[in-house]
Amino acid sequence: MSLLTLDNVTIRFGGLTAVDTVNLEIKQGEILALIGPNGAGKSTVFNLITSIYKPTEGTISLAGKPLVGIPTHKIAEMGVTRTFQTIRLFSELSVLDNVKIGAHCRGKAGLFQAFTRLPGMKREEAEIEEKAIKALKFLDLETKCEEMAKNLSYGEQRRLEIARALVSKPKLLLLDEPAAGMNPQEKVVLMEMIRRIRDTGITIFLVEHDMKLVMGISERIAVLDYGKLIAEGTPLEVRSNNAVIEAYLGSGKFKSRIRR
């Protein structure tokens with residue numbers, strides 16, 4: 001069953017076609033990786049899904065509901081959340097407060113309730129804090145609740161971003177280069193956590209350059225080159241695809257890299 005569908009999606013910036021007639025389906029409950037050379041259009045695809053960009057042509061739908069033209073915050077309410085290539089945390093806030101911010105897109109209290117601090121608002125705040133602590137516990141960050149986000153290690157900051165994305169209980173989680181800057185041990189922890197997230201029923205769509213991580217965790221892989229989808233299949237199928245080998249790293253380097 002398809003959760004997210006991209007149908008002939010194209011975006012042009014002036015004379016540059018960044019994403020070119022991409023057709024892709026993300027199945028409910030899977031881990032799908034999107035790979036390709038730098039500048040292939042991978043992060044642009046994420047920006048199109050989350051309505052940061054509007055496609056020049058084509059449609060994007062979540063469980064049959066169109067996403068094109070829907071404001072980004074509304075897409076989050078519909079169940080699509082993401083992380084970014086560069087860490088985007090509120091560095092001067094606590095770990096707990098960073099995650100609580102991610103839960104407010106599902107909040108029901110309005111401006112009046114927020115100012116008057118009525119019982120309904122207080123209950124909602126308590127529920128949000130409970131959800132935030134649960135998300136932190138799931139990602140092994142519960143003991144860091146009161147620490148400033150800026151004081152976490154790099155790997156912990158990455159996990160904090162994921163916790164903030166998870167707290168709103170998404171259907172689809174987009175991870176944009178989640179392993180960037182991590183050491184090998186942190187990447188092992190990350191792989192295990194991504195599997196645990198998927199096991200809760202959340203579909204994972206990730207962009208990643210670390211081929212060992214991609215091949216070790218993905219059930220399917222899609223490959224972009226110059227904005228075009230040139231291959232799609234299992235890790236074994238993609239690893240042996242000559243077009244992918246030539247486009248991604250050239251000659252035999254692709255195979256050697258993924259076997260490290």
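The second largest pocket is lined by Lys-131, Lys-134, Ala-135, Phe-138, Leu-166, Val-167, Lys-169, Pro-170, Ile-197, Thr-200 and Ile-202. A pocket here is an open set of points on a 1 Å grid over the protein atoms alone, with protein on both sides within 12 Å along at least five of seven lines, and lining residues have an atom within 4 Å of a point. The model is predicted, so local features need pLDDT of at least 70 and side-chain atom pairs pLDDT 80 or more, while totals for chains, interfaces and linings use all residues. Residues are numbered from 1 along each chain as its sequence is written, and side-chain values use heavy atoms, without hydrogens and water.

**Second largest pocket**
- This pocket holds about 290 Å³ of space, a volume being the space filled by probe spheres set on the points.
- Helix H5 (residues 119-138) gives the largest share of the lining, 4 residues, and helices are DSSP runs (H or I) of at least four residues, strands (E) of at least two.
- By class, its lining has 7 nonpolar, 1 polar and 3 charged residues.

**Largest pocket**
- About 460 Å³ of space lies in the largest pocket, and of its 20 lining residues Ala-76, Thr-81, Arg-82, Phe-84 and Arg-164 are the closest to its centre.
- At least two lining residues each come from helix H2 (72-78), strand S6 (80-82), helix H3 (95-103) and helix H6 (154-166).

**Phe-90**
- Phe-90 lies in the loop between S6 and H3.
- Phe-90 counts as partly exposed because its relative accessibility is 42%, between the limits for buried (under 20%) and exposed (over 50%), with a 1.4 Å probe and protein chains only.

Technical notes
1 Å grid on protein atoms, 1.4 Å probe; cavity = no way out; pocket = protein on both sides within 12 Å on 5 of 7 lines; lining within 4 Å. Nonpolar A, V, L, I, M, F, W, Y, C, P; charged D, E, K, R; others polar.
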